[in-house]
Amino acid sequence: MSNSKTQTIIPLTQLDAVGKPIGQANGMPGAAYTSEALFNFERDQLIGNTWAGLAFASELVAKGSLMPIDFMGLPLIMTRDRHDQIHVFHNVCSHRGMTLVSEAKSQTRGISCPYHSWYYDLSGNLKSTPFIGGVDINEVEGFSCEDNGLMSVRSHIWMGIVFINLSGAAEDFADYIGPLEKRWAEFAGADGLAQLQAPVDDASMEIKVQSNWKLAVENYCEAYHLPWVHPSLNTYSPLDQHYNIVAAENMSGQGSYVYILSEVAGTELPQFADWPQEKLRHAEYISLYPNVLLGLQVDHAFAMILQPQAAGSTVEKLQLYYVGDESLDQAYQGCRSAVLKSWRQVFSEDIFAVEGMQNARRSPGFKGGVFSPVMDVPSHHFHQWVAQGYSAGTV
Ligand code: FES
Ligand SMILES: [Fe+2]
């Protein structure tokens, strides 16, 4: 879709209104959340041009495993090869374009196309082409397997998250993630995030919401709704102890000075060794645009990947992480369960909010809404990022 088509769905005047200073700005109009045509444009431009969260590396535990993933309608495959390396490919055979993989597999050496049986290894190399030169002739002059491997998707793993860049032309991942790593080095230490471990059990959950992915981002950015939507969380991390975060062009969120789940739930998990003693109760919640929501506390972290399914439907996948190998011990299982339970409650409480906003975005009475110049700074920042992406979109 072209830039002009985007602007048919969302007139330029409305994008301009989003870009105004927060006190005079409107938000993105309803069509940004309900249009399927815009959804495809977002995949190919807004999201496709940058790094986006695809899956957790922990979803493929063993060497020699693979799974198909549908990313906003694009068929992809994620593999973990025999060298323990994760790869992402387009799920399409180089021969006649058959879908290669339709279900997850483990203990496998490669991928055999169900149509004419061409065979690829898990690193994407085409290894055999049965009968390509006639019955029982598996080679043919002028055809090289090297030139016909799987189509690779640029990927990078960070904090256990498999990020992809569909266009292949985004900035280096290090530049994309740099501002966040720098910010969180103050808490976790210079390479502290590398200590994080993802337990196999009791550390993940999935929620399907009838909502556009952007509403999940916006809702996560702000603490404003805390007293009304999260009364329990508000008792140990009240709204007046929060601050806004606008850390870089591609991220915003909120922080708390007084997060004390460990005291409320009686958990005693290992903590980051370098975390400043005077900030033990600090916690930060940052939306890393476009679709990864991150949380950091002294004794655990989490990441949520938003998998947009359609304009009005999103799957939210959460993974919890703890500090150091010791945190995975059986002795901490009760603590880990308590942490998961608390986040399950918080994220479940948000469902009605994002679904309620989605429902009302079909209303002609909604023109994009307005922002609190104090409380909605992080969400407005995200709206501006989206508006800029829409404006910059080209064929
Ligand atoms: S389409 Fe895959 S082998 Fe022919
Ligand atoms: Fe919330």
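Modeller: Strands (E, at least two residues) and helices (H or I, at least four) are DSSP runs, numbered from the N terminus. This is a predicted model, where local features need pLDDT of at least 70, side-chain atom pairs count only at pLDDT 80 or more, and totals for chains, interfaces and linings use all residues. Residues are numbered from 1 along each chain as its sequence is written, and chains are lettered from A and ligands numbered from 1 in the order in which they are written.

Colleague: Okay. How many bridges join β8 to β9?

Modeller: Five, and the two strands run antiparallel. β9 covers residues 161-165. Ile-157 sits opposite Val-162 of β9. His-156 has Phe-163 as its bridge partner there.

Colleague: What lies between β8 and β9?

Modeller: Two residues, in a hairpin. Met-159 is in that turn and has a positive phi of about 50 degrees.

Colleague: And in what order do the strands of the open sheet come?

Modeller: The order is β1-β9-β8, three strands with antiparallel pairing. β1 (52-56) and β8 (154-158) are at the edges with a single partner strand each, so one side of each has no neighbour in the sheet. From one strand to the next, the twist averages 35 degrees.

Colleague: How many bridges pair β1 with β9?

Modeller: Four, again in the antiparallel sense. Gly-53 stands opposite Phe-163 in β9.

Colleague: Is β9 buried or exposed?

Modeller: Mostly covered: five of its five residues are buried. Buried means 20 or more other C-beta atoms within 10 Å of the residue's own, with C-beta atoms placed from the backbone.

Colleague: Which way do the β9 residues point?

Modeller: Ile-161, Phe-163 and Asn-165 point one way, Val-162 and Ile-164 the other. In a regular strand, side chains alternate between the two faces of the sheet.

Colleague: Switching to helices. At what angle do α6 and α12 cross?

Modeller: Roughly 150 degrees, with the axes coming within 8 Å. Axes are lines fitted to C-alpha atoms, for helices over the stretch in contact, and angles run from 0 to 180 degrees between N-to-C directions. α6 is residues 213-221 and α12 is 377-392.

Colleague: Which residues make the contact?

Modeller: Lys-214, Val-217, Glu-218 and Cys-221 from α6, with Pro-378, Ser-379, Phe-382 and Val-386 from α12. Contact means C-beta atoms, placed from the backbone, within 7 Å.

Technical notes. Contact = placed C-beta atoms within 7 Å. Pairing = 2+ DSSP bridges. Buried ≥ 20, exposed ≤ 12 C-beta atoms within 10 Å, placed from the backbone.
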